[in-house]
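Welcome! Take a look at the protein shown here, and then let us walk through it together.

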Amino acid sequence: MPMATEKPPMDLQSLLERPDGYDPDALPVASAQRIISEFIVPVATVERVAIRDALDRVLAEPLLSTIDVPAHDNAAMDGYAVRGADVQGDATTPQVVGTALAGQPVDLTLGAGQAVRIMTGAVMPAGADTVVPQELVTVGAAGVHVPAGQTPGQHRRHRGEDLAWGGRHSRPAADHAADLGLAASLGTPALPVRRRLRVAFFVRRRVALDR
């Protein structure tokens with residue numbers, strides 16, 4: 001049985017001397033693509049660039065998380081944190097027992113019929129699993145009026161929802177601002193990326209001269 005042999009490397013001179021219909025003046029697109037592909041060498045050079053310069057770059061290695069992002073269950077909207085079981089039926093008027101601000105610890109535990117004023121990004125108080133947007137409620141002396149029709153768990157972001165500890169960012173390219181925001185949330189000051197491609201264009205033109 002004959003042994004398989006490796007395909008010899010292609011060089012430009014042998015390409016120009018090929019008798020298989022190569023014509024630089026009338027070359028089909030598919031043939032041009034095939035010829036170009038024979039000379040393409042994958043980019044292997046890796047650079048480390050600051051996050052602010054990494055937009056639209058290709059990651060050289062997976063971005064692994066050493067923390068949960070977000071680090072806690074938190075509110076996705078400004079409003080009132082409540083227990084979903086209290087608001088999934090008819091309209092209710094829970095009593096406001098405190099305020100939760102983004103970036104500050106929360107030492108509150110909600111009981112039945114209670115609510116906490118909460119800001120976007122603030123940690124959900126213990127016992128709360130639902131956020132009612134502030135645009136939907138009416139605040140009065142008796143408490144905060146929550147209309148009927150709320151869905152338990154709404155407007156709540158779970159711990160590790162964006163990226164869990166030990167997980168990897170699966171997108172190969174940082175081509176969205178959200179990708180860079182996620183990297184920044186991991187405390188990563190710079191990212192390993194592939195060197196940018198270098199592209200050159202060569203145009204051959206024949207000019208007909210009137211004589």
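A residue counts as buried under 20% relative accessible area, as exposed over 50%, and as partly exposed in between, using a 1.4 Å probe and protein chains only. By that rule, buried residues make up 27% of the 211 residues in this protein.

Please keep in mind that this is a predicted model, in which local features need pLDDT of at least 70 and side-chain atom pairs count only at pLDDT 80 or more, while totals for chains, interfaces and linings use all residues. Residues are numbered from 1 along each chain as its sequence is written, and side-chain values use heavy atoms, leaving out hydrogens and water.

**The whole protein**

Helices (H or I, at least four residues) and strands (E, at least two) are DSSP runs, numbered from the N terminus. Here there are four helices and 14 strands. A contact means heavy atoms within 4.5 Å. Of the contacts between residues at least 6 apart in sequence, 72% join residues at least 24 apart.

Two strands pair if DSSP finds at least two bridges between them. In general, strands of a sheet pair through backbone hydrogen bonds, either parallel or antiparallel. In what order do the strands of the open sheet with mixed pairing come? The order of its four strands is 6-7-5-8. Strand 6 and strand 8 (130–133) are the edge strands, each pairing on one side only. On average, and ignoring direction, neighbouring strands of this sheet are turned by 30 degrees against each other; the angles are taken between axes, lines fitted to C-alpha atoms.

The pairings look like this:

| Strands | Sense | Bridges |
|---|---|---|
| strand 6 (residues 95–100) and strand 7 | parallel | four bridges |
| strand 5 (residues 79–82) and strand 7 | antiparallel | three bridges |
| strand 5 and strand 8 | antiparallel | four bridges |

In strand 7, V116 is the partner of A81, and I118 is the partner of A100. Y80 has its bridge partner V132 in strand 8. Is strand 7 (residues 114–118) mostly covered or uncovered? It is mostly covered, with four of its five residues buried.

**The surface**

Accessible areas come from the Shrake-Rupley method with a 1.4 Å probe. The protein exposes about 14200 Å², and carbon and sulfur atoms supply 56% of it. L197 lies in the segment after strand 14 (190–194) and is exposed, with a relative accessible area of 66%.

Conventions: Axes are lines fitted to C-alpha atoms, for helices over the stretch in contact, and angles run from 0 to 180 degrees between N-to-C directions.
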